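Reader: I am new to protein structures and would like to learn how to read one. Could you take me through it step by step?

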Amino acid sequence: MKTTRILASLSLLLCAQAWAGEQTWITNVKLVSPEKLDRIEAGSVLIEDERIVRVERGVGKKTPAGARRIDGKGQFLTPGLIDSHVHLFSVPGMSFEQADQKKTMAAEYFAQMPRSFLYYGYTTVIDLAAGSREFIDMVKATPLHPDVYDCGAPLVFANGYPSSYAPPESRFEMFSNFIYDPAQADKIPARFKPEDYTAAKGVARVKADHAICVKTHFEHGFGTMHNLPVMSPAVYSEVRTAASKDGLVLVTHGNSFEAQTFAVNGGVDVLAHGMWHWGALDKEKELPAEIRQLLDKIAERKIGYQATMQVLHGLNAYFDPAYLNHPALAKLLPPAMLAWLKTPEGQWFKQELAEDETDAAVLKGMEAPLRRQRQVVAYLAGKDANFVFGTDTPSSPTYGNIPGLNGYLEMQDLHQAGLSLAQLFKAATINNARTFRIDAQVGTIEAGKVANLVLMKISPLADIRAYDSIDTVWVRGKQAARGSLSVK
């Protein structure tokens, strides 16, 4: 009987050893985790397979038996960064038609794109308009990529933004998750029945697609498009109710005082964009009282705020002759694509932006929107609002929003506008994780979390350049030296 028990115990022990995965011991690092910013201290982290299984604070801890030891050389270990506003399906600098014509160039870009995010430490991204599940699955199938979450197909208002930019004959196929507007019955193909395109059914489609959020819009239009239809408060309320019922985060595109007022009054969770349009208050030099009152609500309610300052700077890139010579671009873009962007054909979008204006005139016209945006960011930073880091990469056909680099530039923009280094670090880690309800998986260095980690030579609490001092990245326990992530 005793022998039987011994054999049984030995069998269990051997099974446990067989089940145990490969272990990695990252030691001699300074731990920088956003929930413990008052305890930046030496420590070690044990990874098993895809997860963190132990976090040890203090020096002199022994390497667990059988674990692979990695000496962090006294550098700074942080959680992987999160960009909660990306559009993976777009090729920066190309229209969809051009990307279809230049299939080889686009394919080379898409092969590198996930690694470009990782090159700057973004181990988690959230696609706010994932219209193609097949494409998202393709990104997830690449050998090394960030964790990808998404909002599914955007929930658009019939003939509103952004579906209005698609031809009328195809927009309801391209933007098939739309809300029917009875007032536009004559502008919606008869095959689409009102009862199938309610707010609740649109949200249900997003939920069924395994999304974590639902993306809506309040946008009257810009450029050649004006007076686009937008949903009413009553319709938005239906979206809010359905999103709450289905456990989805409600994200709303809105870059104006009017749009953000609408969304805040309707109970939005995340505002996707900074406020660079003040409407009737645009000529005000100081932050108007009406806007301060709205910003106070945003801060008090802990609404997620994605400032996306690089949206405007990304447009300005066409009028900055130095941008395409940025040394990082050669590491992030395939050579053929970078060369093409410098050709007249690759500059096509500049003509749409400039029309008949000079470069200087275009840049001058951007000064006021950028100033308004900085003022809003500075005010919210002073209120310690719930900034959630997102870049809108790429925000349009511009080549000024390259994955990875765009995040680093956005961080510089935000810091210059008034976010402290601690606020910025939290925005890209714990704030994003909590606001998008993925904090059980990522956002901090804690046992049980996914092993998405970044080793930096400089502390992110000491210098903004820390985000360009990355040494090593771990994605679900897989280690990659930064140099291995650049273009081959």
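**Reading a helix, a core and a sheet**

Author: The buried residues of α3 are M105, A106, Y109, F110, Q112, M113, P114, R115, S116, F117, L118 and Y119. Keep in mind that this is a predicted model, where local features need pLDDT of at least 70 and side-chain atom pairs count only at pLDDT 80 or more, while totals for chains, interfaces and linings use all residues. Residues are numbered from 1 along each chain as its sequence is written, and side-chain values use heavy atoms, with hydrogens and water left out.

Reader: What does "buried" mean, and how many residues of α3 are buried?

Author: Buried means under 20% relative accessible area, exposed over 50%, and partly exposed in between, using a 1.4 Å probe and protein chains only. In α3, 12 of the 17 residues are buried, so by this definition the helix is mostly covered.

Reader: How is a helix picked out, and what span does α3 reach?

Author: Helices (H or I, at least four residues) and strands (E, at least two) are DSSP runs, numbered from the N terminus. The expected span of a helix is 1.5 Å times one less than its number of residues. Helix α3, residues 103-119, reaches 24 Å from its first C-alpha to its last, close to the 24 Å expected.

Reader: Where does α3 have a kink?

Author: A bend at a residue is the angle between axes fitted to the seven residues ending there and the seven starting there. In α3 the kink is about 35° and lies at M113, shortly before the proline P114. After α3 comes G121, with a positive phi near 90°.

Reader: What is a nonpolar core, and which residues have the most contacts inside the largest one?

Author: A nonpolar core is a set of buried Ala, Val, Leu, Ile, Met, Phe, Trp, Tyr and Cys residues joined through side-chain atoms within 4.5 Å. The largest here has 116 residues, and those with the most contacts inside it are L88, M275, I298, Y323, F387, M411 and Y467. Our helix α3 gives the most to this core, with eight residues. A second, separate core of 17 residues includes I82, Y149, A272 and I438.

Reader: And strands: which residues of β15 lie on each side?

Author: In a regular strand the side chains alternate between the two faces of the sheet. In β15, residues 453-456, L453 and L455 are on one side and V454 and M456 on the other, all buried.

Reader: Which strands pair with β15?

Author: Two strands pair if DSSP finds at least two bridges between them. β5 pairs with β15 in the antiparallel sense over four bridges, and F76 has M456 as its bridge partner. β15 and β16 also pair in the antiparallel sense over four bridges, with V473 as the partner of V454.
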